[in-house]
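Thanks for coming, everyone. Please look at the sequence and the model on the screen, and then we will walk through a few places in turn.

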There are 2 protein chains.
Amino acid sequence: MPGQSEDGSNGGEFRGHRDTAQVDMPMAPPRRTGPVGAPSGPVAPQRALTGPVPLPADGRSDASPLVRTVERHLDEILAAVPQPDPIELAVLDAQGLLCAEDVVSQRALPAFDQAALDGYAVRAEDVADATVARPVELPVVGESVAGASEPSSIGPGLAMRVAAGAMLPSGADVVVPAVWTDNGAARVAVQAGPPVGSYVRRTGDDVTPGDPAVHVGTPIGPAQISLLAAVGRDRVLVRPRPRVAVLSAGTELVEITSPLAPGQVVDVNSYALAAAARDAGADAYRWGILPGDQRRLAEVLESQLLRSDLVLVSGTFTGPAFDMVQEALAGLGGMRVSQVAMHPGPAQGFGRLGRDEVPVICVPGEPVAALVSFEVFVRPAIRLMLGKRQLFRRTVQAISGQHLLSPLGYRQYLHGTVMRHPDGGYVVEPVGEATDALLARMARANCLIVIDEDVTEVAAGGLVTVMPLLLGG
Amino acid sequence: MPGQSEDGSNGGEFRGHRDTAQVDMPMAPPRRTGPVGAPSGPVAPQRALTGPVPLPADGRSDASPLVRTVERHLDEILAAVPQPDPIELAVLDAQGLLCAEDVVSQRALPAFDQAALDGYAVRAEDVADATVARPVELPVVGESVAGASEPSSIGPGLAMRVAAGAMLPSGADVVVPAVWTDNGAARVAVQAGPPVGSYVRRTGDDVTPGDPAVHVGTPIGPAQISLLAAVGRDRVLVRPRPRVAVLSAGTELVEITSPLAPGQVVDVNSYALAAAARDAGADAYRWGILPGDQRRLAEVLESQLLRSDLVLVSGTFTGPAFDMVQEALAGLGGMRVSQVAMHPGPAQGFGRLGRDEVPVICVPGEPVAALVSFEVFVRPAIRLMLGKRQLFRRTVQAISGQHLLSPLGYRQYLHGTVMRHPDGGYVVEPVGEATDALLARMARANCLIVIDEDVTEVAAGGLVTVMPLLLGG
C-alpha cells in the first residue's frame, strides 16, 4: 500500500494533531483551466490590503512582541475552563454525551439459554446422522415461545418446537432451524444434524454479572443505550453539556427585524455563536444584545455568570460601548483583551469572572471574525468541558487552487471550499473574490484554510492545511 | 498523485455510492502476529453456524426466490416515504435542517460604507507619498464610532478618526490603519499611503438587495444563520424533522427496571431505535412496549399513526404476540412481512397504514438485528424525509484482519472495529469472538462490515467494504 502522505490525505498537522479526516465533500468538477495541481506563475496578490496590517517598512516586518500567539491564548483558555461535575440522566437524554462511570452489569445477557432462531430444540447426538435423504424423525413434546414461562425440559430422543428468543428446554443442546425440517407438529423429520451448541444463545454469552458494560469516557450512542437498557440501567452518569450564555455588545446593534438606521447593524453574532456553541455540543443560551445602561448591563452579566459554565461575548473592542462592557467586566474580576497574532482577529479577550470564576471569552464583533474565533478558541474549550479527547477538528492537506499571501507572524484563517480531486487528494479555493470573506462568502464555504505564522506565500498548486467545517462533529 | 483507489481509500462501493469517508478513528496498534495484510491460510470457519441458515445441501444453496433482496425492500420503503411539508421556524430552531426556500436579501450588506479597522479615513491621494521617514500630517476633523449616526463627510486634506465598523465619512476613499500613524488627536502623521479602497467595506460589497442569500437545499449551520440574520430573517422555511414513533412488540418484554422473570427480556429496542432515529435527524418519540390487550393495542397504533410521519415497530415476527400486532396492523391497512436476504434479519416488514397512509417499518426484535435493520432501511428513509441528498453512510474499503465467511445469496452485516493502518488505509476486525455479535460486542464496534450477496468468503488480508457508524452524521 502506498503511504497516504503521498497523496496529501494523511499529512495534516495542526497543533500537533496528525490524524486527519477525509470528509463528506463533493468531487471537484473538471476544471476548464487545466489541472488544479499544475504549478502556475505567481498571480497578483489578492489579499494584500485586507489582511492583518503590517507595520510600515522600517525593519519591523514581523508581528510585534506585544502580540501573543494563537497557541498562548488558546492554552490560557483551555487551562482555565472547568470540567463540570458529572450528572445522572435518563439514558435517552444521555445520547451524544460521554459516560462518566464504569457501568458494571448486574445481570447476565442473555438472562437465560435461548433459541437463536425458530426451529426445534433437540439433543445434537439424536440428529447427528440426519440428512435430507435420511431424515431423523423425533416426537415433538411441546412448544417454547418468547415470554415469561416456567423452565421446561426434554428427554433423549425428543424435540420441542422453539421460537427465536424463547427459552431453550433443559436437556436440549442444539436448535435445528425450521428450514432443515419438515415443520412437523406432532413429529418432526430433521434433515441435518448441526454440532452441539448451534443456534443456541447461552446465559451470559454476551455479558456476565460483574462484567464491565460501558466504560468511563465512552460516547453514548444507540448501541450503548441498547446495552445500558439491557443491563438494567435507565439512568447513567454522564459529562453534562456545558451551559454557554451568548451575549453581544455594541451600541450599533439592533434586533434582526428592526428597521436599520444609518450606522446600525443587525445583531448576527448572538444567533450564529449560539448555533455554533450548540453544534459543538453545548447547551447554548442566546441572551442577545447587552443593554446600554451601565447598571442593567452589570446585572445581566452577573446573572449570566451564575447560570453558565462559560460566557461568550462578541463585540468590537473599541469605542465607548465596549469600554462600558469592559468596565462592567472589570468589576466582576477582570478581563484581559489581547492582540492575538491571527487574522481575522486580532482582539481577543479572556477572563474568569464572578464568585465562581466562570470563564468569559470575548471575540470580535465582526461576524466572520466572531465565527473564526469561535472555531479557534471556543469550540476546543466546549469540547474539553464535554470530556472529549479530540478537541480540535481534523485537518487535511489540500492543493491550493490559487496563489495565497499571508503576513509573516500572523496565522491566517481563510474561508474556502475544499473538494475531492478526481485524481485523489483535495483541492481548495478561497471563497469569493479579492476582498474579505464576508457573510455570504462564509456561508458558501465548507472549510477554513489555515496558513501558519511563518508562511507568507502559498503558490497555486502548493499544499495548504485545511480544516473542514463539518456540522455536528 | 497516486490514485486513491490504490490504497483502498476511495474504492468503496455500496449501492453505487462511491464517495468515501475517512473517519475519526484511532490508529491500529502494531500487531504482534505479523502484518495484517499478509495472507494467511484458511482458518476454521468462525461463523458457520450462527449466520443465516442455508438450506440443506440438496442443490438449493442459494437464497430462495421467495426471499427479496435488500435493495428491493429498501426501494419499496424509499418510494413510499412521504416528504413532509416545509415549515417556518425561528432561525436557531432551523439549525441542522435544510433550507426549503430561496432566501433573497432585502438589504445590502454591509448596509453602509464602513471602516474595516480602527484608523483614519482620508483621501488616498492626500497620503500617497507618505512614508515613515516623511510622514504626511493632516488635521483631524472628528471621529466616527460604531452605532447609529448622521452621515458625515471630510474635505480634501483632512482626516477623520474611524473605528472598525463605523460609517466612512463621504469624501474619504481609504482608511489608514492606526498603526501606520502617530495616533494623533488634533493632527495625525500618516506614515504610509495605501491604495484607494484599502480597509474600506463598501455598501453591498457582500450582498446587494435582490441577491440570493441562502438557497433551497442548503444545510443551515452557524454561517447560514449568521447570513439569514444579517439579511433580516428571523424565521426561515425548512424541511422539518420527521416525527418518528418507536414501539416495541412482544409478550416477553418488560421495562428496564423491572425484575426479570424467566423468559422475560428488557425492552431495549424502543430506547435504542429512538436514539438511532434522533441521531439520523428525526424528532423521535419513544412510545415503548405495545399493550397486550387487542383493543388497546389498536388504539395505540392508531394514535401513533395520527401524530407521526413514520412509525417504527420492533418485534419478533413469530408467535402469538406478534400475530396480534399483525392483526391490528392489518386492520389499519396491511403490512407485508418479507424475508429479506440479509443477516442479521431476515424478517422485515413494511406497510402504509391509516387514513394518511403513514409508512410503518417493522424490524426484528433481536436488538442487534434491530439496529442493523435501522441502518439499512430506516436511516435512509429518515434522511430522505429530511431532504438530504446523501441517504447512505459513506463506506471505505478495509483490509480484513480475519478470514470471514458469508452465505451465498445473503448480504451479511457484521459489527467490527475499523482502524487506520499505520502504513495507510484501514484495517477491520469483527468484534468479539466466534459467535453472534451481541449487545456488548455491538457497543464496542465502530462500523458494519458489509459482505455482498455473491461473496462467500473473504481471506484474511482481503478487502471488505466497511460502513463506519459515526454518530450525528
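**A loop residue to start**

Let's begin with E357(A). E357(A) sits in the loop between β19 (347–353) and β20 (358–364) of chain A. Helices here are DSSP runs of H or I with at least four residues, strands are DSSP runs of E with at least two, and both are numbered from the N terminus. E357(A) is not a glycine, yet its phi is positive, about 50 degrees. At 45% relative accessibility, E357(A) counts as partly exposed. As for the cut-offs, buried means under 20% relative accessible area, exposed means over 50%, and partly exposed is in between, with a 1.4 Å probe and protein chains only.

Before going on, some ground rules. This is a predicted model, where local features need pLDDT of at least 70 and side-chain atom pairs count only at pLDDT 80 or more, while totals for chains, interfaces and linings use all residues. Residues are numbered from 1 along each chain as its sequence is written, chains are lettered from A and ligands numbered from 1 in the order in which they are written, and side-chain values use heavy atoms, leaving out hydrogens and water.

Now chain B. E357(B) is in the loop between β19 (347–353) and β20 of chain B. Phi of E357(B) is positive too, near 50 degrees, in a residue other than glycine. E357(B) has 44% relative accessibility, so it counts as partly exposed.

**Cis peptides**

Next, two prolines. L109(A) and P110(A) are joined by a cis peptide bond, with omega about -10 degrees. P110(A) is in the loop between β2 (103–104) and β3 (114–115) of chain A. In chain B, the bond from L109(B) to P110(B) is cis, with omega near -15 degrees. P110(B) lies in the loop between β2 (103–104) and β3 (114–115) of chain B.

**Chain A overall**

Step back for a moment. Chain A has eight helices and 27 strands. It has 473 residues, and 58% of them count as buried. Take the contacts in chain A with a separation of 6 or more: residues 24 or more positions apart account for 74% of them. Contact means heavy atoms within 4.5 Å.

Here is one example. S406(A) is in the loop between β22 (404–405) and β23 (411–420) of chain A. Is S406(A) buried or exposed? At 5% relative accessibility, S406(A) counts as buried. Leaving aside residues up to four places away in sequence, S406(A) touches Q412(A), I451(A), V455(A), T456(A) and E457(A). S406(A) and E453(A) are 47 residues apart in sequence, but 8.1 Å apart in space, C-alpha to C-alpha.

Another one is E429(A), in strand β24 (residues 426–430) of chain A. With 15% relative accessibility, E429(A) counts as buried. From E429(A) to A460(A) is 31 residues in sequence and 9.7 Å in space, C-alpha to C-alpha.

**Where the chains meet**

Now look at helix α4 (residues 269–279) of chain A and helix α3 (residues 222–230) of chain B. They pack at an angle of about 165 degrees, with axes 8 Å apart. Axes are lines fitted to C-alpha atoms, for helices over the stretch in contact, and angles run from 0 to 180 degrees between N-to-C directions. α4(A) and α3(B) are therefore roughly antiparallel. Angles under 35 degrees count as roughly parallel, over 145 as roughly antiparallel, 65 to 115 as roughly perpendicular and the rest as oblique. Which residues of α4(A) and α3(B) make the contact? On α4(A), they are Y271(A), A272(A), A275(A) and A276(A); on α3(B), they are P222(B), I225(B) and S226(B).

**Helix α4 of chain B**

Over to α4 (residues 269–279) of chain B. It is mostly covered, with 10 of its 11 residues buried. Those buried residues pack against α3 (222–230) of chain A, and in chain B against β12 (243–249), β15 (283–289), β16 (310–315), β20 (358–364) and α7. After α4(B) comes G281(B), with a positive phi near 115 degrees.

G281(B) is one of the residues that I382(B) touches, and A277(B) is another, not counting residues up to four places away in sequence.
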